[in-house]
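Here is a short walk through the model on display. Have it open as you read, and follow along section by section.

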Protein chains: 2
Amino acid sequence: MIEVDFRDARPIYEQVRDGLRRLIITGVIEAGEKLPSVRVLSASLAINPNTIQKAMDALEQEGYAYSVPGRGSFAALPTDVGEGRRRELLKRLSAAAQELRFLGVPEEELIEAVRKREEDDR
Amino acid sequence: MIEVDFRDARPIYEQVRDGLRRLIITGVIEAGEKLPSVRVLSASLAINPNTIQKAMDALEQEGYAYSVPGRGSFAALPTDVGEGRRRELLKRLSAAAQELRFLGVPEEELIEAVRKREEDDR
DNA sequence: TAACTGTGCTATAACACCTAGTACACACAA
DNA sequence: TTGTGTGTACTAGGTGTTATAGCACAGTTA
């Protein structure tokens, strides 16, 4: 369900956060649906609960999830995601596009990459 | 010329590396032209020379610059930039696009962001 | 009640990052 | 040659983040 690479330079909690976010934006977990619990994820990934908790906190701050003490964490609606996240993604998008143009990648290829649906880019 | 934010979570050497890369891809520094020296950058940004050196090493490894002992560091040709960098950027591009689509941003807006030329996204 | 849930806290170890200081070899111009 | 500027290399230490272990509490649900 979620892959964590201990050799990766990125912190584990970021990998978990990104993995959970990916489950949401790909529709594997729909809005309102329950996310795996801190303890279950901790056990299945062999990662300390505190680290999973940190990933959950980050995801909740982005607006992708909300937590209810005693019940669990759930996927939020796309409209609940903060505007800051949108702006950051748009910045990232044009920055990548600008650099790719500098590297000589034709614009059609960029647009194709933007339109592409199914892929396994982390 | 280059801005460094000490409060930013990103390491200083990454900020310097990205700043230098930006000078190259925006054409401020053209291919073959000399980059500011380690010591000059170190003095003007009030950053330790070792940190600047680390940024230079990273930039050189990406293929955006090459160094000549005794003479200085210079901007490389776009064709010298490694294929790994291209792949990473394309991944980043489609990942951002996919998430933005999930957030309800219309495709025309994404394509517009990709086409956009002049902007100050870091 | 029992088992699950999120949440909070302390303490510790490991690692990346950044700094300070020093030194060497090379290129270039006076 | 001498002086200056250049990239490069090394040691050492301080600092903050990350991840871990362990424990505890309160709320929810069957």
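## Domains and ground rules

Which domains does the assignment give for chain A? There are two entries: domain 1 covers 12–80 and domain 2 covers 83–115, with the bounds coming from an automatic or database domain assignment. The C-alpha centres of domain 1 of chain A and domain 2 of chain A sit 27 Å apart.

A word on conventions. This is a predicted model, in which local features need pLDDT of at least 70 and side-chain atom pairs count only at pLDDT 80 or more, while totals for chains, interfaces and linings use all residues. Residues are numbered from 1 along each chain as its sequence is written, and chains are lettered from A and ligands numbered from 1 in the order in which they are written.

## Chain A at a glance

Chain A has five helices and two strands, and they run α-α-α-β-β-α-α along the sequence. Helices here are DSSP runs of H or I with at least four residues, strands are runs of E with at least two, and both are numbered from the N terminus. The C-alpha trace of chain A spans about 50 × 35 × 25 Å along its principal axes.

Of the 122 residues in chain A, 27% are buried. The cut-offs work on C-beta atoms placed from the backbone: 20 or more others within 10 Å makes a residue buried, 12 or fewer makes it exposed, and anything in between is partly exposed. Among contacts in chain A between residues at least 6 apart in sequence, 45% join residues at least 24 apart; a contact needs C-beta atoms, placed from the backbone, within 7 Å.

## How the two chains pair up

Rotate chain A by 180 degrees, with 0.0 Å of shift along the axis, and chain A superposes on chain B with an RMSD of 0.1 Å. That is the relation of a two-fold axis.

The contact takes 27 residues from chain A and 27 residues from chain B. On the side of chain A that touches chain B, helix 4 and helix 5 of chain A each supply at least two residues, and helix 4 of chain A gives the largest share, 14 residues. By class, that side of chain A has 17 nonpolar, three polar and seven charged residues. Nonpolar here means Ala, Val, Leu, Ile, Met, Phe, Trp, Tyr, Cys and Pro; charged means Asp, Glu, Lys and Arg; the others, Gly among them, are polar. The copies meet through the same surface, because 100% of the interface residues of chain A are also interface residues in chain B.

Which residue of chain A comes closest to the rotation axis? Leu93(A) does, with its C-alpha at 2.8 Å. Setting aside neighbours within four places in sequence, Leu93(A) is in contact with Leu93(B), Ala96(B), Ala97(B), Leu100(B), Leu110(B), Ala113(B) and Val114(B).

Leu93(A) and Leu93(B) also touch the most other members of the largest nonpolar core, which has 20 residues. Helix 4 (83–102) and helix 5 (107–115) of chain A, together with helix 4 (83–102) and helix 5 (107–115) of chain B, are the elements giving two or more residues to this core. A nonpolar core is a set of buried Ala, Val, Leu, Ile, Met, Phe, Trp, Tyr and Cys residues joined through C-beta atoms within 7 Å.

## Around the DNA

Of the 22 residues around DNA strand D, Pro11(A), Ile12(A), Gly70(A), Ser37(B) and Ser67(B) come nearest. Being near a strand means a C-beta atom, placed from the backbone, within 6 Å of it. Helix 1 (12–25) and helix 3 of chain A give two or more residues to the surface near DNA strand D, as do helix 2 (38–45), helix 3 (49–62) and strand 2 (72–75) of chain B.

For DNA strand C, the nearest of the 22 residues around it are Ser37(A), Ser67(A), Pro11(B), Ile12(B) and Gly70(B). The surface near DNA strand C has nine nonpolar, 11 polar and two charged residues.

## A positive phi

Ala46(A) lies in the loop between helix 2 and helix 3 of chain A, and its phi is near 60 degrees, a positive value in a residue other than glycine. With 8 C-beta neighbours inside 10 Å, Ala46(A) counts as exposed.

Notes:
Copies are superposed by least squares on the C-alpha atoms of residues with pLDDT of at least 70 in both. Two residues are in contact if their C-beta atoms, placed from the backbone, lie within 7 Å.
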